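Hi,

Here is the structure I promised to pass on. Have a look at it, then read my notes below.

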Amino acid sequence: MRSVTVKSPATLSNLCCGFDILGMALEAPYDLITISESAQSGIRIRHLDAYGLPEDPLLNISGVALQSFINALGSQQGFDVVVEKKIKPGSGIGSSAASAAGVVVAANELMGRPFNNNQLLSFAMDGEVLASGSRHADNLAPCIYGGLVLIRDTPSLDIIPLSLPPLYVTIVHPQIEIKTSYAREILPKEIPLKLAVNQWANVAGLVAGFQQGDYELIGRSLEDVIVEPVRSKLIPGFDEVKQKSLAAGALGGGISGSGPSLFMLSKEKNLAEKVAVEMSGVFERLNIEYKTYVTTVAAHGVEVLHT
Ligand code: HSE
């Protein structure tokens, strides 16, 4: 039986002011997903990791996304899926997106690429809904397309790949749990015009900064006046991490996705490493277990390793 293995990257979504509309793919960490054709119809999922995720395809993000792919294919083809998650579920760096996007890109490769990226994105979004209760694409789109992307319109999946200068990303993942569904529930349903103006000015500044390679502009546009003030209260040490990271030379940063991970962007690798030390120090003092990553932006999305 033929099989395909893919590497599915972690992603950074929101990028502060770009709630639900900006995201980037990261070089590390990533999940490994292998899909094989089966003589038996239906989906079987096996996890090689120790996260205790459900293997029932109806309750598993990869299973739901793959079922959506199969429905669109209109076929009785069965699949066996083996998932090795290296992106911890609930970390805020696109773990569920990596599961959903990875499996549909792998299935597409196995079946001779019947679908384009936006069709795959739509199948993957069906899986993401299971994780967060919402059809947002700011982790899934960069996971499939790679690099930095703008989701100009979510319902029509108007995805705009953006260029950006070399950047290093530092992430700290404090081992506390924040459910995306809860982190969305607590957000204001309406916002004052003054805050909206501030936020969309920052989004425009950030996109212009990325396109022009203007690090200073990127830094001062990494500001979120709407979501961060609410969600940051859920993350112990948030203000201290931010203040120490900026003092260590980071351009800026904030909450990664819906948290609890925090991210900082830096112009140089040695600065990103210094930021990781500062971030670690905060959680050491708070006596909260944590994991840090220093990585870069991945130009590619889900990558086929072998068939
Ligand atoms: N944009 C989403 C949010 C990302 O912040 O809720 C989390 O999946």
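The ligand takes up the space of the largest pocket. A pocket here is an open set of points on a 1 Å grid over the protein atoms alone, where a 1.4 Å probe fits and protein lies on both sides within 12 Å along at least five of seven lines. Keep in mind that this is a predicted model, where local features need pLDDT of at least 70 and side-chain atom pairs count only at pLDDT 80 or more, while totals for chains, interfaces and linings use all residues. Residues are numbered from 1 along each chain as its sequence is written, and side-chain values use heavy atoms, leaving out hydrogens and water.

Who sits around the ligand?

Now the polar contacts (N or O pairs within 3.5 Å). A polar side-chain atom of Asp138 is 2.7 Å from a ligand nitrogen. Ligand oxygen atoms also lie 2.8 Å from a side-chain N or O atom of Asn14 and 3.4 Å from one of Asn139. The protein covers 96% of the 260 Å² of accessible area (Shrake-Rupley, 1.4 Å probe) that the ligand has on its own.

The domain assignment (automatic or from a database) gives domain 1 (3-162 + 298-306) and domain 2 (168-296).

Cheers

Note on methods:
Polar contact = N/O pair within 3.5 Å; in protein donor to acceptor, adjacent residues only side chain to side chain. 1 Å grid on protein atoms, 1.4 Å probe; cavity = no way out; pocket = protein on both sides within 12 Å on 5 of 7 lines; lining within 4 Å. Sits in = over half its atoms within 2 Å of the grid points.
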